[in-house]
Amino acid sequence: MTPERPIYLDYGATTPCDPRVVDAMLPWLHRDFGNPASSGHAWGRAAAQAVERARAQVAGLVHAEPSAIVWTSGATESDNLAVKGVARAQRARGRHLVTLKTEHAAVLDSMRALAREGWEISCLDVRADGLVDLDRFAAALRADTVLASVMLVNNEIGVVQDIAAIGALCRARGVVFHVDAAQATGKVAIDLAALPVDLMSLTAHKSYGPKGVGALYVRRKPRLQLEAQMHGGGQERGLRSGTLATHQCVGMGEALRIAADEMDAERARVRALQQRLLAGLGAIEQVFVNGSLEHRVPHNVNASFGAVDGESLVAALEGIAFSTGSACASAGGEPSHVLRALGRSDALAHASLRLTLGRWTTEQEVDAVLRRLHEQLPRLRGAGRPPGPHRADAAAAAAR
Ligand SMILES: *Cc1c(COP(=O)(O)O)cnc(C)c1O
């Protein structure tokens, strides 16, 4: 019943390193091991050059000045630095922050921490398709609003927010605008030369780079006031102290170089797989796709299954790696805050699958997952559970 080998459809959680990334990283772990801050000798200077080359590659993907890129340990740290860093540095301007209910915990919990220190947070509802209502967003901005944070691509449902329009509203009101783009690199084009965005969080490991490295784009002109979260050697213009991990920086640079070079071809290939998966799911009764299909990356399918218990659905998919609509992967976790924000019931949120596709996903794998769902769902639904309301509606409609 289980497929010949496990199928990985959890690229939204993390990706393997591209072999080209691993090759680029290796010399910096052993042969060229210098500290990039050691400018007095060749080892240090070689490492510094590698770090700067990688910085330019990261900047290149998002069309930013390399000097606007600050290395971090990942998007969690970037989100913390952006949100807390701006709020605390600019507390004299106001004590109000705006974000969405569907944001990542790294943003939401950073804001919750600030709320305990006296900041006021407006955490906005989204529309049923997961997108921001621009009028509601505009109405939330106040004279004392210091910062707003909206992610580009949602990690659970893959919807793409209209960052240009949201940023324009912020800019018109003098509000600093932060964008979490952890899920966006290599999936959507990002042009920071044109977008009204002040801060952008990036990470390597969602885009075929190593875990444990990321970056924060910090707009240089006009200069943005930002308070460092870590104090020490003053690296990264004092914004992020700590010896830079040369191999990690090189890995992220190479991963994002590949992302830039191959994005168009990869998007087309993954789009075809997404369409195949959606068509297969469409042939099953009571499947509800979560989030806009139109404004969505090709790499994400998130669907709720009616009239089935979430735990049994997960059990029936053994051998396939995916994420569920429960915050905790184990049974009994809280329903996803994102699916709840779309208006899904707890039962539907629990019976939800996030299937995320990537560089090595094949048609055969998509077909194997669909086959399993087609086999297992009728069995699960026939196992003595009362029919769900939608099935009852369909039966009633058929009887009429
Ligand atoms: C994965 C993710 C993060 C956290 O990134 P790390 O690099 O794992 O710390 C933050 N935001 C979003 C949207 C993510 O998908």
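What volume does the second largest pocket have? The views below, taken from a predicted model, begin with this pocket.

**View A. The second largest pocket and its lining residues.** The volume of the second largest pocket is about 200 Å³. Its lining comprises 13 residues, and those closest to the centre are Gly-174, Val-176, Asp-198, Pro-222 and Leu-224. Sorted by class, the lining contains five nonpolar, five charged and three polar residues.

**View B. The buried face of helix α6.** Helix α6 spans residues 163-173, and its buried residues are Ile-163, Ile-166, Gly-167 and Cys-170. Viewed down the axis of α6, these buried residues lie within an arc of 95°, so they line one face of the helix.

**View C. The surroundings of helix α6.** After α6 comes Gly-174, which has a positive phi, near 70°. Gly-174 is also among the residues closest to the centre of the pocket in View A.

View D. For Cys-123, the closest cysteine sulfur is that of Cys-170, at 15 Å. A disulfide requires sulfur atoms within 2.5 Å, so the sulfur of Cys-123 is too far from that of Cys-170 for a bond. Cys-123 counts as partly exposed because its relative accessibility is 35%. Cys-170, in contrast, counts as buried, with a relative accessibility of 0%.

How values were computed. Residues are numbered from 1 along each chain as its sequence is written. This is a predicted model: local features need pLDDT of at least 70, side-chain atom pairs count only at pLDDT 80 or more; totals for chains, interfaces and linings use all residues. Side-chain values use heavy atoms; hydrogens and water are left out. On a 1 Å grid over the protein atoms alone, a cavity is a set of points where a 1.4 Å probe fits but cannot get out, and a pocket is an open set with protein on both sides within 12 Å along at least five of seven lines; lining residues have an atom within 4 Å of a point. Grid points are joined across faces, edges and corners, and a volume is the space filled by probe spheres set on the points. Ala, Val, Leu, Ile, Met, Phe, Trp, Tyr, Cys and Pro count as nonpolar, Asp, Glu, Lys and Arg as charged, and the others, Gly among them, as polar. Buried means under 20% relative accessible area, exposed over 50%, partly exposed in between (1.4 Å probe, protein chains only). Helices (H or I, at least four residues) and strands (E, at least two) are DSSP runs, numbered from the N terminus. The arc is that of the directions from the helix axis to the C-beta atoms. Contact means heavy atoms within 4.5 Å.
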